[in-house]
Amino acid sequence: MLVNFFRAIILYIIVFIIMRIMGKREIGQMQPYEFTIAIMISDLDTVPMSDSGIPITHGIVPIF
């Protein structure tokens with residue numbers, strides 16, 4: 001349980017940094033393709049976050 005918590009924190013920080021790099025603070029400011037990319041980033045993040053059998057790098061590399 002503690003491992004999943006730390007994996008979630010690490011992935012949350014990475015997704016937060018990527019979203020800040022995109023430069024958009026609100027969903028209303030996003031273009032449709034930027035919104036699609038944001039959804040894809042969050043989907044890439046959920047699998048390694050919830051399954052501890054998958055290495056965390058399998059989620060980090062596609063996000064970057």
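This report walks through a predicted model of one protein chain, from its overall layout down to a few individual residues.

## Overall layout

Let's start with the big picture. The protein chain has three helices and zero strands, and reading from the N terminus the elements go α-α-α. Helix α1 covers residues 2–22 and helix α2 covers residues 32–50, while helix α3 takes in residues 57–63.

If you put a box around the C-alpha atoms along the principal axes, the box comes out at roughly 35 × 15 × 15 Å. Of the 64 residues in the protein chain, 25% are buried. As for how far contacts reach along the sequence, take those between residues at least 6 apart: 56% of these join residues at least 24 apart.

## How α1 and α2 pack

Two packed helices are described by the angle between their axes and the distance between the axes. Here, the axes of α1 and α2 come within 9 Å and cross at roughly 165 degrees. The cut-off for roughly antiparallel is over 145 degrees, so α1 counts as roughly antiparallel to α2. The crossing of α1 past α2 is right-handed.

By class, this α1 and α2 contact is made of 10 nonpolar, two polar and three charged residues. Which residues does α1 bring to it? The α1 side has Asn4, Arg7, Ala8, Leu11, Val15, Ile18, Met19 and Met22. Facing them from α2 are Glu34, Ala38, Ile41, Asp45, Pro48, Met49 and Ser50.

Val15 is a handy place to look next. It sits in helix α1, and its relative accessibility of 15% is under the 20% cut-off, so Val15 counts as buried. Which residues does Val15 touch once its neighbours within four places in sequence are set aside? The partners are Ile41, Asp45 and Ile63. Ile41 and Asp45 are also on the α2 side of the α1 and α2 contact, while Ile63 belongs to helix α3.

Is Ile63 buried or exposed? Ile63 is buried, with a relative accessible area of 7%. Leaving out residues up to four places away in sequence, Ile63 touches Ile14, Val15, Ile18, Ile41, Leu44 and Asp45. Two of these names, Val15 and Ile18, also turn up on the α1 side of the α1 and α2 contact.

Ile37 is in helix α2, and at 38% relative accessibility Ile37 counts as partly exposed. Met19 is 18 residues away along the chain, with 9.9 Å between the C-alpha atoms. Ile63 is 26 residues away in sequence, and there the C-alpha atoms are 9.7 Å apart.

Gln29 is in the loop between α1 and α2. At 41% relative accessibility, Gln29 counts as partly exposed. Its C-alpha atom is 23 Å from that of Asp45, which is 16 residues away along the chain.

## Aromatic pairs

How many aromatic pairs does the model have? The count comes to two. In one of them, the ring centres of Phe5 and Phe6 are 5.6 Å apart and the planes are at 65 degrees, so this pair is edge-to-face. Both partners are partly exposed: Phe5 has a relative accessibility of 47%, and Phe6 has 46%.

The other pair joins Tyr12 and Phe16, and this one is stacked, with 6.3 Å centre to centre and 25 degrees between the planes. Both residues lie in helix α1, four residues apart, which is about one turn of the helix. Tyr12 counts as exposed at 55% relative accessibility, whereas Phe16 is partly exposed at 46%.

Technical notes: Residues are numbered from 1 along each chain as its sequence is written. This is a predicted model: local features need pLDDT of at least 70, side-chain atom pairs count only at pLDDT 80 or more; totals for chains, interfaces and linings use all residues. Side-chain values use heavy atoms; hydrogens and water are left out. Axes are lines fitted to C-alpha atoms, for helices over the stretch in contact, and angles run from 0 to 180 degrees between N-to-C directions. Helices (H or I, at least four residues) and strands (E, at least two) are DSSP runs, numbered from the N terminus. Angles under 35 degrees count as roughly parallel, over 145 as roughly antiparallel, 65 to 115 as roughly perpendicular and the rest as oblique. A crossing is left-handed if the near helix is turned anticlockwise from the far one by less than a right angle, and right-handed if clockwise. Contact means heavy atoms within 4.5 Å. Ala, Val, Leu, Ile, Met, Phe, Trp, Tyr, Cys and Pro count as nonpolar, Asp, Glu, Lys and Arg as charged, and the others, Gly among them, as polar. Rings of Phe, Tyr and Trp (its six-membered ring) pair if their centres lie within 6.5 Å; planes under 30 degrees apart count as stacked, over 60 as edge-to-face and the rest as tilted. Buried means under 20% relative accessible area, exposed over 50%, partly exposed in between (1.4 Å probe, protein chains only).
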